[in-house]
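Reader: I am new to this structure. Please take one part of it and describe that part closely.

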Amino acid sequence: MERFDAVIIGAGAAGLFCAAQAGQLGLRILVLDNDKKAGRKILMSGGGRCNFTNLYTEPSAYLSANPHFCKSALARYTQWDFIELVQRHGIAYHEKTLGQLFCDDSAQQIVDMLLKECEAGQVTIRLRSEVSQVEKNEQGFVIIVNGKEVNARSLVIASGGLSMPGLGATPFGYRIAEQFGLKVLPTRAALVPFTLHKPLLEQLHMLSGVSVPAIVTAENGTLFKENILFTHRGLSGPAILQISNYWQPGEFVSINLLPDSDLETFLEQERNSHPNQSVKNTLAKLLPKRLTECLQTLGQIPDIALKQLTPNQQKQLAANLQSWRVQPNGTEGYRTAEVTMGGVDTHQLSSKTMEANQVKGLYFIGEVVDVTGWLGGYNFQWAWSSAWACAQALRKNIKKII
């Protein structure tokens, strides 16, 4: 019969980092994962370069039914702390946009760093490990793994959410929470592309692959200024992924296709210089030609010369281009979602330790918890911060097994 100070289920960002921290604090740690490789989602992130944190991380960039929950962990282990660790391992990185930090080389460097940190803490990692049963007793927890019994004083659930099922995502963490009486809030795909209703999708099909800067606004007033990307399924790109967290089925989003242009002044200048030029060709100086052609087909751009454009038509044109209302059909779902919104209700966890209030020794960290960050490294930072907070608590709460 094997005994550990803590068993951590999940060899992703949060699980590996928590294991490394706790191991280096002198605890005997076992990490279990049913996958054949540690950190697979890390390897897929950021186009293979891992957007490992964000310079501007702050609590306002996170969504939760309990918005204050994330504050303690984020304040105690910050983006600067993780950046210092990355630098200590000699990993070169760069800022892309809006504070997003990426590895210069490969996401594999972050996985290797986490594994080296685990090795420094003498952490045991077992992959291809199927957990079939978890029970609690007076000494802690009994975990049945591949038919064998493992005992631990504490149990940490870092099994992630439902996003990217192709990488092995399962509802395991939610089932454990419910088994021990914790409430699990409804989950849904987050940071995810939109699909469109068939008529509009067919009309926009010719734009697949076109990307433009835009401001996308949800019905609740939340807005993001980044690129949007037209796809063969609908709309994607950073601004769309961001706004998906604030969109509800049936709602519209408003898209400003000219976020940095004074359209009225531009049209006046063009009218004075080229009165016989078509409105479509004039706007092609600001927007991709394929987009202006498509918008004219949709009736958003009038098929006339600039000199024929009346004040009312110009006003309507501005509304069409800077407040284009689109009603998504839905989202692409967990298959392409970056993360999962919802999860273990944080009202039932300690914001300082991540421990379940009513179940001593049971912890939840990372994506399995109802804390969802913006696109751009925020969710990785939540993984690091929640894992660090948990590791400190494990050290305080567990007497080393000899």
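Author: C294 counts as buried because its relative accessibility is 1%; buried means under 20% relative accessible area, exposed over 50% and partly exposed in between, with a 1.4 Å probe and protein chains only. The model is predicted, so local features need pLDDT of at least 70 and side-chain atom pairs pLDDT 80 or more, while totals for chains, interfaces and linings use all residues. Residues are numbered from 1 along each chain as its sequence is written, and side-chain values use heavy atoms, without hydrogens and water.

The part to look at is α1, a helix of 12 residues covering 13-24. Helices (H or I, at least four residues) and strands (E, at least two) are DSSP runs numbered from the N terminus. From first C-alpha to last, α1 reaches 17 Å, close to the expected 16 Å; the expected span is 1.5 Å times one less than the number of residues. Since 11 of its 12 residues are buried, α1 is largely enclosed by the rest of the structure. Among the buried ones are L16, F17 and Q21. After α1 comes G26, with a positive phi near 100°.

C18, also in α1, counts as buried because its relative accessibility is 0%. The structure holds zero disulfides, a disulfide being a pair of cysteine sulfur atoms within 2.5 Å. C18 is accordingly in none, and the nearest cysteine sulfur, that of C390, is 3.8 Å away.

Over residues 5-392 the chain is 31% helix and 25% strand, with its end C-alpha atoms 13 Å apart.
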